[in-house]
Amino acid sequence: MTTQAESRAHNKIHWEALAPLWMAWWQRFGPATQPVSDWMVAHARLGPGTRVLDLATGVGEPALSFARALNGRGEVLGVDQSERMIEYAREQSMGLNHLQFEVQDLEQLNLHHHEPFDVIVSRWGLMFCSDVAEALRQARSCLKPDGILIGAVWGIPERVPMLNLASQALKQALDRELERLGPGPFSLSDPAWLQTQLTAGGFRLETIAPVDVVLHCESAQAYLSERAEMATSLAEALANLTPEERAKYNSALESAAQVWCPQSDSERLELVNQAICFVARQIPESLS
Ligand SMILES: C[S@@+](CC[C@H](N)C(=O)[O-])C[C@H]1O[C@@H](n2cnc3c(N)ncnc32)[C@H](O)[C@@H]1O
């Protein structure tokens, strides 16, 4: 069994190694996911002097969107555990004022050298924590008493074909599952569990809404090569298939992908992926 320490160490190594690919993938992923950042900005009620903290910012979202929206009238700090992600985020932030980035583990936050924040945001970050409630309690200690948390996680696997199609086909064709060390992208996709974790971390869920992230791919095979580049466990599983297994796999993938072909005469996929966006408010100390 994997311990929390092993899972955290693996999470850090995994994302550090993935950073250059993530940056290359950003050309497609960045624009496709902008509606999620826009939802977060729209629910933040920004004003002059608003201080925003972005946890697990990756190469800079939603910190960059908040900095643009504030346009120098407030402060934004983005943190991520990966040094390389933070380097890319700094490159992307050129020309934007009042936006900083720092390397920080959100399960061991050390932000006491900063003033408290009005808004904490996290887009697809919290779900990788080994102990989400503890990470939330740490985040809460960096918030002003009336501060809010705005987050985004992925919906259930069936609603996120971008991440799920390739492994769904492996299960269907060969009854195999990809191995994963520690929590993954779907660890907070059940809204009831998300709510439980928020409450345990000292937050009350106020608003929750689905937001679509739409990605286009030329074909199921084009989708697969892109996905296998980002997911080592998938690439390894595919490399170990016999020619017969691979043929079975390809056919399962093609039929699973059919659902996402809007035009029956074309191979082109339109993957509509569901993000779950939410706003949560702190439960007063006296009640928690
Ligand atoms: C799916 S990416 C999302 C990045 C960005 N927020 C976005 O929406 O594009 C997940 C990010 O979470 C970061 N992350 C995961 N666990 C973390 C932790 N414990 N502390 C800080 N960052 C973490 C990873 O390094 C990675 O950059």
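## Burial and overall dimensions

A residue is termed buried if 20 or more other C-beta atoms lie within 10 Å of its own, and exposed if 12 or fewer do, with partly exposed in between. By this criterion, 38% of the 288 residues of the protein chain count as buried. The model described here is predicted.

The protein chain contains nine helices and seven strands. Its radius of gyration is 19 Å, close to the 19 Å that the globule rule gives for 288 residues, so the chain is as compact as a globular protein of that length. Taken along the principal axes, the box filled by the C-alpha atoms is roughly 60 × 40 × 30 Å. Among contacts with a separation of 6 or more, 80% are made by residues 24 or more positions apart.

## The sheet

Seven strands form an open sheet with mixed pairing, in the order β3-β2-β1-β4-β5-β7-β6. Its edge strands, β3 (99–103) and β6 (203–217), each pair on one side only. On average, neighbouring strands of this sheet are turned by 20° against each other, with direction ignored.

Strand β2, residues 75–80, is joined to β3 in the parallel sense by five bridges. Within this pairing, Val76 stands opposite Leu99 of β3. Helix α3, residues 83–92, packs on the sheet and touches both β2 and β3. The direction of helix α3 makes about 170° with that of β3.

The bridge partner of Arg51 in β2 is Glu75. Five of the five residues of β1 are buried, so this strand is largely enclosed by the rest of the structure. Arg51, Leu53 and Leu55 point one way from β1, whereas Val52 and Asp54 point the other way.

Asp54, located in strand β1, has 32 C-beta neighbours inside 10 Å and therefore counts as buried. Leaving aside residues up to four places away in sequence, Asp54 touches Pro62, Ala63, Phe66, Val76, Gly78, Val79, Val121 and Ser122. One of these contacts, Val76, is 22 residues from Asp54 in sequence and 7.5 Å from it in space, C-alpha to C-alpha.

## Backbone exceptions

Most residues other than glycine have a negative phi, and most peptide bonds are trans. A cis peptide bond joins Glu61 and Pro62, with omega of about 5°. Pro62 is placed in the loop between β1 (51–55) and α2 (63–70), and this proline is among the residues touched by Asp54.

Arg45 is not a glycine, yet it has a positive phi of about 45°. This arginine belongs to the loop between α1 (4–42) and β1. Arg45 counts as exposed because it has 11 C-beta neighbours inside 10 Å. Asp175, likewise not a glycine, has a positive phi of about 55°. The loop that holds Asp175 lies between α5 (161–174) and α6 (191–200). With 7 C-beta neighbours inside 10 Å, Asp175 counts as exposed.

## Surroundings of the ligand

There are 18 residues around the ligand, of which Trp15, Ala56, Gly58, Gln81 and Arg123 come nearest. Classified by type, this shell comprises seven nonpolar, six polar and five charged residues.

## Further positions along the chain

Leu18 is part of helix α1. This leucine has 19 C-beta neighbours inside 10 Å, so it counts as partly exposed; the threshold for a buried residue is 20 or more. Leu18 and Gln92 are separated by 74 residues in sequence and by 17 Å in space, C-alpha to C-alpha.

Pro145 lies in strand β5, residues 143–154. Pro145 counts as exposed because 8 C-beta neighbours are found inside 10 Å. From Pro145 to Leu170 there are 25 residues in sequence and 48 Å in space, C-alpha to C-alpha.

Notes
Residues numbered from 1 in each chain as written. Predicted model: local features only at pLDDT ≥ 70, side-chain atom pairs only at ≥ 80, totals over all residues. Pairing = 2+ DSSP bridges. Helix = DSSP H or I, 4+ residues; strand = E, 2+ residues; numbered from the N terminus. Axes fitted to C-alpha atoms, helices over the stretch in contact; angles between N-to-C directions. Contact = placed C-beta atoms within 7 Å. Near = placed C-beta within 6 Å. Nonpolar A, V, L, I, M, F, W, Y, C, P; charged D, E, K, R; others polar. Rg over C-alpha atoms; globule rule 2.2 N^0.38 Å.
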